[in-house]
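Biologist: Could you take me through this one, starting with the charged pairs and then moving on to the helix packing?

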Amino acid sequence: MEWDILVGIVIGFCLSIISMVLKKEYEVRVEKRLKKESIRDELAENIASFCTYWEDRRCSIDMEIGDFRENVKTYIKDIQERYRAGARYLDQKIISEIREVCNGFISITNQSPDSDDEKWFNSVKDEGNKLNERFDNILSKL
């Protein structure tokens with residue numbers, strides 16, 4: 001009779017431990033999934049915002065440019081920081097694609113440094129539009 005009680009206590013204790021381990025594992029997985037979704041959503045928001053900014057400039061000839069080239073650099077740097085911060089939660093193929101597009105935009109912002117933003121934009125518009133389309137494709141994958 002005493003063995004029955006002892007075995008019951010041991011089994012109850014083991015089940016309690018197993019239950020706690022499973023619960024903790026579940027919580028870690030949920031937290032990781034939520035973090036991954038949050039990072040993807042924030043990155044997608046940054047990319048979509050940039051795409052809209054580029055499209056607005058491309059579609060509006062009369063729009064004041066101001067510091068358009070500097071704003072492009074700032075947007076791209078923000079996107080780079082976001083994917084770097086969340087790299088462990090993102091697919092490496094997506095990161096590679098984003099990196100390529102960001103490097104492409106950084107490259108075109110460094111072209112014709114002596115020309116004003118309007119002349120610069122007109123000279124890089126086609127290349128920028130292609131890069132922007134790649135960002136749109138990436139958005140569909142996020």
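Modeller: A salt bridge here is a side-chain nitrogen of Lys or Arg within 4 Å of a carboxyl oxygen of Asp or Glu. This is a predicted model, in which local features need pLDDT of at least 70 and side-chain atom pairs count only at pLDDT 80 or more, while totals for chains, interfaces and linings use all residues. Residues are numbered from 1 along each chain as its sequence is written, and side-chain values use heavy atoms, with hydrogens and water left out.

Biologist: How many salt bridges does the count come to by that rule?

Modeller: The count comes to six salt bridges, and one of them joins the side chains of Arg33 and Glu37, with N to O at 3.3 Å. Both residues lie in helix H1 (residues 2-59), four residues apart, which is about one turn of the helix; helices are DSSP runs of H or I with at least four residues, numbered from the N terminus.

Biologist: Which residue does Glu42 form a salt bridge with?

Modeller: Glu42 pairs with Arg82, and the closest N and O atoms are 2.9 Å apart. This pair links distant parts of the chain, with Glu42 in helix H1 and Arg82 in helix H2 (residues 68-85), 40 residues apart. Glu42 is partly exposed at 32% relative accessibility, and Arg82 is likewise partly exposed, at 31%.

Biologist: And what about Glu70 and Lys73?

Modeller: Their side chains meet in a salt bridge at 3.6 Å, N to O, and both residues lie in helix H2, three residues apart, about one turn of the helix. Glu70 counts as partly exposed at 44% relative accessibility, whereas Lys73 is buried, with a relative accessible area of 18%.

Biologist: Switching to packing, at what angle do H3 and H4 pack?

Modeller: Helix H3 (residues 92-109) and helix H4 (residues 117-141) pack at an angle of about 165°, with their axes 10 Å apart. Axes are lines fitted to C-alpha atoms, for helices over the stretch in contact, and angles run from 0 to 180 degrees between N-to-C directions. H3 and H4 are therefore roughly antiparallel to each other, as angles over 145 degrees count as roughly antiparallel, under 35 as roughly parallel, 65 to 115 as roughly perpendicular and the rest as oblique.

Biologist: Which residues make the contact?

Modeller: Taking contact as heavy atoms within 4.5 Å, the residues include Ile98, Val101 and Phe105 of H3, and Val124, Leu131 and Phe135 of H4.

Biologist: How do the axes of H2 and H4 cross?

Modeller: The axes of H2 and H4 come within 11 Å and cross at roughly 25°, so these two helices are roughly parallel to each other. Their contact is made by Phe68, Arg69, Ile76 and Ile79 of H2 with Asp117, Trp120, Phe121 and Phe135 of H4.

Note on methods: Buried means under 20% relative accessible area, exposed over 50%, partly exposed in between (1.4 Å probe, protein chains only).
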